[in-house]
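Q: I'd like to learn how to read strand pairing, sheets and cores. Can you walk me through them here?

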Amino acid sequence: MSEQWIFLDGSFVRKEDAKISVYDHGFLYGDGVFEGIRVYSGNVYKLSEHLERLYDSAKSIMLEIPYNQQELTDIIVQALQKNELNDAYIRLVVSRGVGNLGLDPASCPAPQVIVICEELAIYPEELYEKGLEIATVATRRNRPDVLDPKVKSLNYLNNILVKLEANMAGVSEALMLNDEGYVAEGSADNIFIIKNETLYTPPGYVGALEGITRQAIIELAEELNYEIKEVPFTRHDVYTADEVFLTGTAAEVIAVVKVDGRVIGDGTPGEETGKLLEAFRDKVARDGVQVYEGSSVRVG
Ligand code: PMP
């Protein structure tokens with residue numbers, strides 16, 4: 001990539017100049033919200049869904065985003081054009097902005113909007129071919145009545161602690177349970193299991209983020225006539241599943257072949273998981289907002 005441009009403080013600045021104040025409450029307190037968005041062949045995948053989740057997260061923490069959805073769409077499109085990117089990962093951040101050292105958001109008059117676009121650092125293809133090993137970690141998903149996982153906030157310490165545990169265990173991803181012991185999600189991915197051709201994924205109230213990819217897979221699976229159940233399940237159900245996979249904007253659909261030392265299926269990525277990944281990849285370049293000419297950039 002030649003020069004990288006970042007949207008910060010209302011304009012585009014070079015990556016080297018993209019600096020924020022140490023008094024920004026996003027930095028001091030994790031006070032803010034964010035989204036990770038994919039661009040496939042000049043198509044911003046499910047942009048309106050990501051923006052809706054961003055505005056919902058912001059509303060939940062009483063953070064006013066200083067742009068409407070159309071303006072944010074235009075900024076994202078400009079960012080991709082300026083960086084000449086066709087396939088990319090976008091990080092959209094809205095922090096509470098600069099305030100004083102106290103935690104009170106009242107000292108922060110101007111929320112900060114940041115858009116970073118980068119060429120994709122996709123997981124190595126080898127991981128898709130071999131599948132992942134994951135392990136249950138001791139850290140539990142934060143309870144919805146404490147900090148609701150539906151809020152995609154800058155406070156990711158819960159997930160970071162989980163990732164540290166996965167690293168310590170020498171596995172690629174973590175399996176995170178909620179406080180009742182039901183399976184919630186990975187450190188940054190949703191989980192699905194398949195048993196007797198039925199797909200299961202934990203419902204939002206168990207403590208999972210309502211992933212955009214999760215929803216896309218639910219819709220795709222319905223089109224492909226799978227039965228889908230959004231119900232709580234336990235580790236036993238994961239261990240004895242025919243197939244297990246994770247979903248997320250960065251990971252897309254990735255098979256899990258070992259959980260806590262138990263081999264899933266025959267220890268290779270499952271056939272149905274492969275079909276879902278293929279169907280997902282087949283759709284992504286059409287399901288969103290086009291960035292380049294001949295395309296509409298209006299959101300609904
Ligand atoms: N759970 C968590 C905690 C996440 O951070 C993410 C990634 N944003 C996901 C699930 C997957 O969500 P999505 O499909 O919207 O990327």
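Predicted model: local features only at pLDDT ≥ 70, side-chain atom pairs only at ≥ 80, totals over all residues.

Q: Which order do the strands of the open sheet have?
A: There are 7 strands, and the order reads E2-E1-E6-E5-E3-E4-E16, with antiparallel pairing. At the edges you'll find strand E2 (11-14) and strand E16 (288-290), each pairing on one side only. On average, neighbouring strands are turned by 25 degrees against each other, direction ignored.

Q: Which strands does helix H2 touch?
A: Helix H2 (residues 47-60) packs on the sheet and touches E3, E4, strand E5 (88-95) and E16. The direction of H2 makes about 175 degrees with that of E3. Then there's helix H3 (residues 69-82), which lies across strands including E1 (5-8) and E6 (112-119), running at about 35 degrees to E6.

Q: Which residues touch the most other members of the largest nonpolar core?
A: In soluble globular proteins, nonpolar side chains tend to be buried together. Here the largest nonpolar core has 39 residues, and Phe192, Val244, Phe245 and Val256 touch the most other members. Strand E14 (residues 252-259) gives the most to this core, with 6 residues. A second, separate core has 28 residues, among them Ile6, Phe7, Leu51 and Leu72.

Q: What is Phe192 in contact with, leaving aside neighbours within four places in sequence?
A: Its contacts are Leu199, Tyr200, Thr201, Ile217, Phe245 and Thr247.

Terms used
Residues numbered from 1 in each chain as written. Core = buried A, V, L, I, M, F, W, Y, C linked by C-beta atoms within 7 Å. Buried ≥ 20, exposed ≤ 12 C-beta atoms within 10 Å, placed from the backbone. Helix = DSSP H or I, 4+ residues; strand = E, 2+ residues; numbered from the N terminus. Contact = placed C-beta atoms within 7 Å. Pairing = 2+ DSSP bridges. Axes fitted to C-alpha atoms, helices over the stretch in contact; angles between N-to-C directions.
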